[in-house]
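Please examine the sequence and the structure shown below.

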Amino acid sequence: MDTLERLFGWQSALPEAELRSLLLSLTLAFVLGQMVAWVYQRTHSGLSYARSFTQSLVLLMMIVSLVMHVIGDSIVTAFGLIGALAIIRFRNVLKDTRDTVFVFYALVLGLAIGSGRFAAAIVATLCLLGATVYLAWVRFGTRGFFDGHLSFRVEGPRAEEGGFQAVMRRHCRRFESLSVRQGDAVTEFIFQVRMRDRRRGEELVAAMRGLGRVDDVSLVLQDELAEI
Amino acid sequence: MSELGPIRTPLREHLRELRLQLLPLLVWLGGWALIAVLWMQTPKTAPLVGLGLGDEVVVAAPEAGLVEEVFVDLFDPVRPGQVLLALASSDLDAQLVEARAESARLEAALLAQRVEFELADAQLRQNATDTLADAEEEAAFEQARRLRSFRVEEQRAQLDALAATLERVDAELEQERVQLRLSRAEGLLEGEVGSAAEVEDLRAELDQAVAKASAARDLEERALTAVAETRRWRADFEGLTPGLPTSTVLDPRIEERLAGHQAALAVQRARLSGIEARVDGLLVRAPQGGRVASLLAQPGETVVLAQELLRLEQDRARGVLVYLPESELLSVAVGDRFLVRRGYDSGEAAVLAASPGLVELPSRLWYDPRVAEFGRTLRLDAPVDLELRPGERVGVVPIRP
């Protein structure tokens with residue numbers, strides 16, 4: 001705190017109690033935001049789920065708590081924020097919720113700096129950016145952890161006896177059937193798989209092709225799995 | 001084909017599993033632990049309530065009357081001596097007219113008395129000169145007597161003129177009085193509390209007073225004309241008979257005899273000055289600089305003597321008054337330091353004084369507006385680096401050493 005006082009002057013420095021209060025608010029917003037995001041993730045139904053939205057819930061909660069610290073009792077600052085938000089929204093079409101969060105964050109940070117609260121701006125930046133990187137690093141909001149899709153065709157009747165389950169159990173921790181299309185002489189399967197070793201995907205494909213009745217094997221692995 | 005066992009899962013996959021599955025849960029729990037730590041370090045007592053303390057001056061009405069115009073608005077800055085509002089007082093105006101008329105009457109009376117004494121003195125000297133035995137002196141004094149008779153005539157004319165002036169002043173004063181009574185009666189009639197008959201009577205009386213004043217003015221004019229004529233006759237006689245004594249010596253005791261009238265005139269002039277000063281006071285001025293905190297009178301409003309018209313407050317608070325509720329009493333000594341917070345700004349202040357006993361807190365600080373609360377008050381000095389306005393609400397936290 002002494003360093004901050006020397007760097008930014010007395011009026012800009014944050015009293016220790018205020019720093020503690022700011023950290024408490026941001027931390028509580030972080031943990032409660034995760035609870036909200038988890039419940040949203042578990043209870044969401046439909047096709048429109050997006051991991052970025054789930055992460056945005058957590059970040060938004062932290063940003064709003066920072067807004068209340070910056071605005072305080074000042075109605076002038078509050079109206080300034082409303083005006084800036086309105087202008088930004090009017091001039092830009094924000095497609096993604098995450099874009100909105102970052103725009104909001106830039107506005108609030110500008111407010112904090114403009115009103116002389118340099119220390120609060122620095123502390124909040126470190127906390128918010130750290131939370132953003134953390135949420136991206138742990139892929140917060142991902143529903144199920146699958147590495148990719150495996151598709152293949154089995155010829156002949158009783159395709160379930162093609163022996164592919166054993167191969168898949170050898171190479172995959174988990175696999176779930178996405179679709180089965182039964183033809184006259186061919187059955188087409190699509191599984192989403194979680195590999196035991198992502199780098200040995202070729203071995204899985206080769207092993208599947210090695211089965212007599214299985215052909216047209218395709219394994220698609222992705223870092224960012226689009227939830228559809 | 002015999003089923004082969006699962007392939008070995010490398011360490012990086014385990015770590016990845018840990019990062020994606022277990023780490024968020026651990027971080028979440030760690031967040032709660034951090035919250036618990038911060039919470040325990042956060043002081044539990046809510047900040048105390050303080051109010052900026054500044055000098056407030058009440059500006060009261062110097063006279064009863066009607067607020068004619070207000071020249072300032074709420075929160076306007078004012079300079080010392082600046083005119084704030086103007087009052088109108090019909091009673092004071094009537095008193096002023098009456099006092100001026102009375103002063104004029106006393107001045108005329110004083111002058112008339114002086115002339116009367118001079119006339120009596122001249123008569124005495126004329127009687128003295130009539131007994132001279134010497135024929136030459138008798139002839140000379142006969143001339144002087146004739147001159148003095150001209151002077152006597154002149155002084156009689158002056159006396160008549162002064163009497164006419166007095167009559168004229170009296171008549172005009174009476175006319176002013178009737179005019180004022182008529183104005184009041186018409187005002188009451190407009191407000192539907194007066195009587196039309198009274199107004200008619202007063203109008204008739206006013207007409208009589210106007211006629212009387214006009215007649216008095218005519219009489220005064222004729223008397224002044226007579227004075228001018230007698231002066232001209234005396235001057236003509238003096239021109240034909242040079243060498244005659246032309247001045248009479250006034251009896252020095254005359255000034256002593258006029259002292260009473262002069263004193264009465266001085267008293268009346270002092271009364272007139274006082275009324276004129278009160279009329280000047282109808283322009284209410286700011287006793288000190290500051291800002292208008294509250295406006296309690298509006299144009300057209302009738303005010304009484306000493307009624308509050310507005311309040312002025314200084315621009316900057318000179319201290320903070322802190323209220324300690326009874327439930328939060330703590331040991332405080334003079335010199336203890338407190339942190340005064342307004343929003344995100346703060347400054348330190350020291351305790352200057354503390355109330356020895358419990359006092360009733362301001363009603364706006366009560367939790368239940370129906371139940372009075374008590375506590376102690378602390379007086380802090382002005383916080384360093386934090387400018388407060390009088391009456392501004394701030395939060396105050398004790399600084400523990």
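The term pLDDT denotes the predictor's confidence in each residue, on a scale from 0 to 100. It applies here because this is a predicted model. For residues 224-228 of chain A the pLDDT stays under 50, and the model has four contacts beyond four places in sequence for them.

**Confidence in chain A**

- The average pLDDT of chain A is 81, and 85% of the residues score at least 70.
- Among the elements of chain A, helix α6 (residues 118-137) has the highest mean pLDDT, 91, while helix α1 (residues 2-8) has the lowest, 47.
- The pLDDT is also below 50 over residues 4-14 of chain A, a stretch with 20 contacts in the model beyond near neighbours in sequence.
- Where pLDDT is low, the predicted coordinates should not be read in detail.

**The sheet of chain A**

- Four strands of chain A form an open sheet in the order β2-β3-β1-β4, with antiparallel pairing.
- Its edge strands are β2 (172-182) and β4 (214-221) of chain A, each of which pairs on one side only.
- On average, neighbouring strands of this sheet are turned by 20 degrees against each other, direction ignored.
- β2(A) and β3(A) form a hairpin, with three residues between them.
- These two strands, β2(A) and β3(A), pair in the antiparallel sense over nine bridges, and A:V180 stands opposite A:F189 in β3(A).
- Strand β1 (residues 148-155) of chain A pairs with β4(A) over six bridges, again in the antiparallel sense.
- The bridge partner of A:L150 in β4(A) is A:L219.

**Helices on the sheet**

- Helix α8 (residues 201-210) of chain A packs on the sheet and touches β1, β3 and β4 of chain A.
- The direction of α8(A) makes about 165 degrees with that of β4(A).
- α7(A) lies across β1, β2, β3 (186-195) and β4 of chain A, and runs at about 145 degrees to β2(A).

**The contact between chains A and B**

- How many residues does each chain bring to the contact? Chain A contributes 29 residues and chain B contributes 27 residues.
- On the side of chain A that touches chain B, α2 (16-43) and α7 (164-171) of chain A each supply at least two residues.
- The largest share of that side, ten residues, comes from α2(A).
- By type, the residues on the side of chain A that touches chain B divide into twelve nonpolar, nine charged and eight polar.

Note on methods: Residues are numbered from 1 along each chain as its sequence is written. Chains are lettered from A and ligands numbered from 1 in the order in which they are written. This is a predicted model: local features need pLDDT of at least 70, side-chain atom pairs count only at pLDDT 80 or more; totals for chains, interfaces and linings use all residues. Two residues are in contact if their C-beta atoms, placed from the backbone, lie within 7 Å. Ala, Val, Leu, Ile, Met, Phe, Trp, Tyr, Cys and Pro count as nonpolar, Asp, Glu, Lys and Arg as charged, and the others, Gly among them, as polar. Two strands pair if DSSP finds at least two bridges between them. Axes are lines fitted to C-alpha atoms, for helices over the stretch in contact, and angles run from 0 to 180 degrees between N-to-C directions.
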